[in-house]
Amino acid sequence: MRLDRLLAITMILMNRKKIPAKELAQMFEVSPRTIYRDIEAINLAGIPIVSYPGLNGGIGIVESFKLDKNVWTQDELASITVALQSVSSSYRDDQAARALEKIKTMIRDNEFESFESKTSHLFIDYSPWDKDPGYKERTSALQEAALTSKVIRFTYRSANGEVSRREAEPHTLVFKGQKWYLYAYCRTRENFRLFKVIRMKDIEVLTETFRRRNVQPDQLPWEKEWHDPANKIRLILKFQPELRGLAEEWFDPWSLQETEEGAFIVEADYPESDWLYGFILGFGDKVEVIAPDKIRRRIRETAAGIVSVYEHSNLSSRTISKR
């Protein structure tokens with residue numbers, strides 16, 4: 001931790017003529033005495049530090065000392081800023097907030113306008129439209145548990161409605177398909193699982209720590225089941241002309257085959273799951289399953305069930321109104 005702080009202080013001093021020790025102490029949440037010890041260590045490392053007395057004084061690097069300041073270019077710092085701002089939109093990350101403040105101190109006054117321009121042209125908002133504060137708190141708690149390798153307990157409701165109490169070792173928070181997931185080793189099931197955060201409640205972060213297992217996030221282990229050929233089916237859908245734009249959002253526009261009547265045929269491989277049926281039904285009566293037959297039958301049966309529910313609902317509404 002101290003090595004990171006020494007490097008950060010050095011970078012700040014490279015980009016600012018002088019800065020008060022008190023400001024550095026507040027920035028890194030340590031005492032001024034700690035900052036002075038850090039400054040001494042930097043000085044002993046061969047970077048000459050000078051102290052400027054007075055009301056507008058502070059600490060700085062000797063002006064005659066030449067040091068390459070291009071550890072990070074302005075464009076690289078702008079890219080880091082955009083990424084941190086976007087991630088912070090969906091969960092509270094105090095470290096990201098502090099990092100953003102540190103980056104701002106590294107930008108020279110005469111470059112600040114240009115820097116702001118480079119960081120305001122793009123913003124990726126991961127948060128849901130309803131801005132549920134409880135959801136943000138959950139993701140923050142899970143992120144902290146994964147970072148500190150602490151065991152968690154929680155209640156989980158599966159897609160089929162089964163409710164269970166789980167104990168798990170959180171490894172990675174995953175943002176996929178506009179939803180947050182937790183990739184964790186489930187001690188209850190004795191295997192890795194991908195939990196949808198919105199289905200988790202009563203989350204407890206225990207004091208017990210765990211030893212992280214060999215998981216490489218860049219290899220996307222949670223996608224193995226999705227891409228397993230054994231789980232996939234060839235799905236053929238027919239979209240009505242008015243849904244072309246929506247179809248192009250989900251599928252490769254060049255893969256859409258236009259029919260004589262102006263409809264569009266799409267072929268894609270998907271694993272059969274409750275998600276798939278919900279995905280198809282979400283298009284309403286503007287899409288038709290051409291194949292396979294079992295998916296076509298399931299959608300037809302579900303649609304008939306929906307009609308039955310609403311017919312009964314209308315009858316119930318009339319009965320209630322008469323009362």
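Me: Why is His 171 called buried?

Reply: Buried means under 20% relative accessible area, exposed means over 50%, and partly exposed lies in between (1.4 Å probe, protein chains only). His 171 has 5% relative accessibility, so the label buried applies. Bear in mind that this is a predicted model: local features need pLDDT of at least 70, side-chain atom pairs count only at pLDDT 80 or more, and totals for chains, interfaces and linings use all residues. Residues are numbered from 1 along each chain as its sequence is written, and side-chain values use heavy atoms, with hydrogens and water left out.

Me: Where is His 171 placed, and which residues is it in contact with?

Reply: His 171 is in strand E4; strands are DSSP runs of E with at least two residues, helices are runs of H or I with at least four, and both are numbered from the N terminus. Contact means heavy atoms within 4.5 Å. Leaving aside neighbours within four places in sequence, His 171 is in contact with several residues, among them Tyr 183, Tyr 185, Phe 192 and Arg 213.

Me: What makes the approach of Arg 213 to His 171 a polar contact?

Reply: A polar contact is a pair of N or O atoms within 3.5 Å; within protein, one must be able to donate a hydrogen and the other to accept it, and residues adjacent in sequence count only if both atoms are side-chain atoms. Here the backbone nitrogen of Arg 213 lies 3.0 Å from a polar atom of the His 171 side chain.

Me: And what about Pro 170: buried or exposed?

Reply: Pro 170 is buried, as its relative accessible area is 0%. This residue is also in strand E4.

Me: How many bridges join E5 to E6?

Reply: There are 6 bridges between strand E5 (residues 179–186) and E6, again antiparallel. Tyr 183 has Leu 194 as its bridge partner in E6, and Tyr 185 has Phe 192. The two strands form a hairpin with 4 residues between them, and Glu 190 in the turn has a positive phi of about 55°. E5 is mostly covered, with 7 of its 8 residues buried.

Me: What is the strand order of the open sheet, and why do E6 and E7 count as edges?

Reply: The 5 strands have the order E6-E5-E4-E3-E7, with antiparallel pairing. Strands E6 (191–196) and E7 (200–209) each have a single partner strand, so one side of each is left without a neighbour in the sheet.

Me: How many aromatic pairs does a search of the whole structure find?

Reply: The search finds 10 aromatic pairs. One of them joins Tyr 156 and Phe 195, at 5.0 Å centre to centre with 80° between the planes.

Me: What makes that pair of Tyr 156 and Phe 195 edge-to-face?

Reply: Rings of Phe, Tyr and Trp (its six-membered ring) pair if their centres lie within 6.5 Å; planes under 30 degrees apart count as stacked, over 60 as edge-to-face and the rest as tilted. The 5.0 Å and 80° of Tyr 156 and Phe 195 therefore give an edge-to-face pair. Tyr 156 lies in strand E3 (residues 150–157) and Phe 195 in strand E6, so the pair ties together parts that are 39 residues apart in sequence.

Me: Finally, what makes Arg 298 a charge over a ring?

Reply: A charge sits over a ring if NZ of Lys or CZ of Arg is within 6 Å of the ring centre and within 35 degrees of the ring normal. Arg 298 lies over the face of Tyr 277, 4.0 Å from the ring centre. The charged end of Lys 18 sits over the ring of Tyr 52, at 5.6 Å from its centre.

Methods: Pairing = 2+ DSSP bridges.
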